[in-house]
Amino acid sequence: YKYKYPGTPCRVLSIQSHVVRGYVGNKSATFPLQVLGFEVDSINSVQFSNHTGYAHWKGQVLTAEELNVLYEGIKLNKVNHYDYILTGYSRDTSFLEMVVDIIQELKKANPSLVYVCDPVMGDHGAMYVPEDLLPVYRDRVVPLADILTPNQFEAELLTGRKITTEEDAVEVMDLLHQMGPETVVLTSTDLPSKHGDQFLVALGSQKTVKPDGTNATQKICMDIPKVDAVFVGTGDLFAAMLLAWTHHHPRDLKAACERTVSVMHHVIKRTINYANEMAGPGKRPSPAQLELRMVQSKADIENPAIVVEARVLHQSSH
């Protein structure tokens, strides 16, 4: 199976962080998308020396007004036509509100534009962005999103519902559909895997309208092998790859997720092997050694060997 480049170049506007060194935000999303044939226009919401998991970091933050100035320039040249928008981590409400305004305008310019939103707010029961971002995501951002990639905690925050069982997860995904997005992927959950505790459970749900006008839903579940290390930039890579593979499999969430998760697996495997080698026996790798081996994974990004099969939980047409 080989990814075929989109005929007319597909244009993505990606509004994310930039780091000089390493892979997070736009650095994590741009190269893989380009490898898969997408034109990526990136606006860097911050420019830092490196991600904030290192001992030190320095840099600049783009304001809402500066974001608007960049967008105005694009608009003046009449090149504000996009097929996709991708957003990730943001920690400022005014910035996020400006993103919302831009998306609304771009959706007017191209009604078939697809907005892929990773609503980054926190993990494992704790928020790592200011709490006043939650209402902005819930009331303004999520209703505009076509594809949403929250983790379990973020999905719970957005819906006000706790997830303790697979049934809960399915209900939460349905609630998220009602808020706007046609495709929802819970990128990681604490649900027990059938394969034991060495696996993470991810779930996805997609509503599509078939050519004959009937509605169809597909719900899937994946058991993802865990790797014992803290990686940064993997969520950004996940959202970018889901964008690419749903573009290629617009009505088959199972295929898109299998490819996305398989890319992740190959990149993470290559990264941990390299990091352990660099750190030496019995030593924990440093953040610098754990930077994603992105360039080295080019072939896997283009044509991932499928290592994770998705189970179809439920498929219906009505």
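Trainee: In β4, which residue is the bridge partner of Leu 13?

Mentor: In this predicted model, Leu 13 has Ile 85 of β4 as its bridge partner. That pair belongs to the contact between β1 and strand β4 (residues 84-87), which run parallel and are joined by four bridges.

Trainee: Which bridge partner does Gln 16 have in β2?

Mentor: The partner of Gln 16 in β2 is Asn 44. Strand β2 covers residues 39-48, and its pairing with β1 is in the parallel sense, over eight bridges.

Trainee: How many residues of strand β1 are buried?

Mentor: As a general idea, the side chains of a regular strand alternate between the two faces of the sheet. In the present case, strand β1 spans residues 11-19, and eight of its nine residues are buried, leaving the strand mostly covered.

Trainee: At what angle do helices α5 and α6 pack?

Mentor: Helix α5 (residues 152-159) and helix α6 (residues 166-179) pack at about 55°, and their axes lie 10 Å apart. Angles of 65 to 115 degrees count as roughly perpendicular and those under 35 degrees as roughly parallel; α5 and α6 are therefore oblique to each other.

Trainee: Is the crossing of α5 and α6 left-handed or right-handed?

Mentor: The crossing in which α5 passes α6 is left-handed. On the α5 side, Ala 155, Leu 158 and Thr 159 make the contact, while α6 contributes Val 172, Leu 175, Leu 176 and Met 179.

Key. Residues are numbered from 1 along each chain as its sequence is written. This is a predicted model: local features need pLDDT of at least 70, side-chain atom pairs count only at pLDDT 80 or more; totals for chains, interfaces and linings use all residues. Side-chain values use heavy atoms; hydrogens and water are left out. Buried means under 20% relative accessible area, exposed over 50%, partly exposed in between (1.4 Å probe, protein chains only). Helices (H or I, at least four residues) and strands (E, at least two) are DSSP runs, numbered from the N terminus. Two strands pair if DSSP finds at least two bridges between them. Axes are lines fitted to C-alpha atoms, for helices over the stretch in contact, and angles run from 0 to 180 degrees between N-to-C directions. Angles under 35 degrees count as roughly parallel, over 145 as roughly antiparallel, 65 to 115 as roughly perpendicular and the rest as oblique. A crossing is left-handed if the near helix is turned anticlockwise from the far one by less than a right angle, and right-handed if clockwise. Contact means heavy atoms within 4.5 Å.
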